[in-house]
Amino acid sequence: MARTHETTAEKLAWLQELSEQADAAGTEQAVARQRERGKLLAGERIEKLLDPGTFVELDRFVRHRNPDFDSMANRPYGDAVVTGYGEILGRKVFVFSQDFTVFGGSLSEVFAEKICKVMDLAVKYGCPVIGINDSGGARIQEGIVSLAGYAEIFWRNVQASGVVPQLSLILGPCAGGAVYSPAITDFVLMSEGASYMFITGPDVVKTVTGEDVSFEELGGASTHASKSGVAHFTAPDEEACLEDARYLLSFLPQSNREHAPWAAPTDPVDREAPELDTFIPDSPNKPYDMKQVIAKVVDEGEFLEVQPRWAENIVCGFARLGGHSVGVVGNQPSALAGVLDIDASTKAARFVRTCDAFNVPLVTFVDVPGFLPGTAQEWGGIIRHGAKLLYAFAEATVPKLTVITRKAYGGAYDVMSSKHIRADFNVAWPTAEVAVMGPEGAVNIIFRKELEAAGDPEARRAELIADYKERFANPYHAAERGYVDQVIEPRRTRPVLVSALEIARTKREARPQRKHGNIPL
């Protein structure tokens, strides 16, 4: 560092020399390899993520402390991670970017300390924190000190959870214990073909289980987007991934003490959608795309879907209503008829709790025939997993608006943000069917003996089904009880929801004092 008995000019020259060394932390060979892989450097990623010219680097001259590492000859400034703060869409964020060109991005004691510092500052000042992961794992030469560093990061992830938004961008390897930090954060974004996450690599898997699997098959972006549900978003390349992170943050507040920023809508708040009046098929078993319904209701039809390739029978994502950010949950009739199963319940529960943590109102579109039956689901714990979604909606104190478009049967009706678990405004379309179960199943159970004794059981079954539909398979019986606040023309869904949201935005709800609830995990 700067030495004594020097002139100011000499000290400035020394600072310039150190800065140049910090800028060129990675070896030329390592930088060339990164380029060959089509990957950006750590600093370049930050520059593309943040608004131009806003990045301020911290701990630029930090160096590792291991006296046995290369006889102290190789101690690059900044070690293997770039940290600091800047702005995204004019709002402050803290960021760290792991540098694979320095010791393979391996985590050392000072590496962890740098990350912990920006995480602490993010919580202290109420700003999102974004981690860009591209690391070979713990720095073996530092032994247990590097493991301690991981644990310090994990601890801060937990303390920051629900306090400030945490985003993890996986733009290279992330393996072993390192995967648990992204797993705790709110959203995981991965770059296709260039990133992977797993606890144990392909070689260990083959040794232990005999399975022969590639890096991409085991833990690539496609795998985590469609099979495990670990990845919330995937992008074709790094630059698209960085842009996705910027867009995602536009729907989130700076912290749990604020609301998401309001954006003046160009879409009229009183706009109707006449096509929705005839959108629901006449046949109750014919599918339709709930995402089209959502697009016709929200501002400008813009909908940022979360985990679009996993548990496709439920749709989750962010949109705006009247300029206000909302979280949208909807059953998807075009996938498994929109039933709730283990994965769908888990996916939606996590999304609902994320929205509630950050003051994002919830809009729920309901077309659910029930929970998926079968031994695989029962033995897999559908009761426990389905209870997660019930718990999440019941626990949420943000404004909750619900639209029943068609089927709302059995316990699944209760779970999907019903009035009984304290949704604020519940409306139904005339095509809604709110009942314990479908007409066919109900008639077969209730009138089993009568049908067995009937001379023409099929004719009698048809009569009973028609009577059941008239009495129960409609929204009016629920409306009589006050379980549905309004039965509306589908075309009016947008103005009705915008009006309800404006009323509900000032919602205040007292809850029993407790340390925390005990969600069935």
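How are α4 and α5 oriented to each other, roughly parallel or roughly antiparallel? In this predicted model, local features need pLDDT of at least 70 and side-chain atom pairs count only at pLDDT 80 or more, while totals for chains, interfaces and linings use all residues. Residues are numbered from 1 along each chain as its sequence is written, and side-chain values use heavy atoms, with hydrogens and water left out.

Two packed helices are described by the angle between their axes and the distance between the axes. Helices are DSSP runs (H or I, at least four residues), numbered from the N terminus, and axes are lines fitted to C-alpha atoms over the stretch in contact, with angles from 0 to 180 degrees between N-to-C directions.

| Helix pair | Angle | Axis distance |
|---|---|---|
| α4 (residues 109–125) and α5 (residues 144–160) | about 10° | 9 Å |
| α16 (residues 439–446) and α18 (residues 457–471) | roughly 120° | within 9 Å |

Angles under 35 degrees count as roughly parallel, over 145 as roughly antiparallel, 65 to 115 as roughly perpendicular and the rest as oblique; α4 and α5 are therefore roughly parallel to each other. Their contact (heavy atoms within 4.5 Å) involves residues including Ile115 and Met119 of α4 and Ile153 and Arg156 of α5. The crossing angle of α16 and α18 makes α16 oblique to α18, and among the residues in contact are Val443 of α16 and Leu464 of α18.

Elsewhere, threonine 266 lies in the loop between α10 (238–249) and α11 (290–297). Threonine 266 is exposed (over 50% relative accessible area, with a 1.4 Å probe and protein chains only), at 70%.

Key
Helices (H or I, at least four residues) and strands (E, at least two) are DSSP runs, numbered from the N terminus. Buried means under 20% relative accessible area, exposed over 50%, partly exposed in between (1.4 Å probe, protein chains only).
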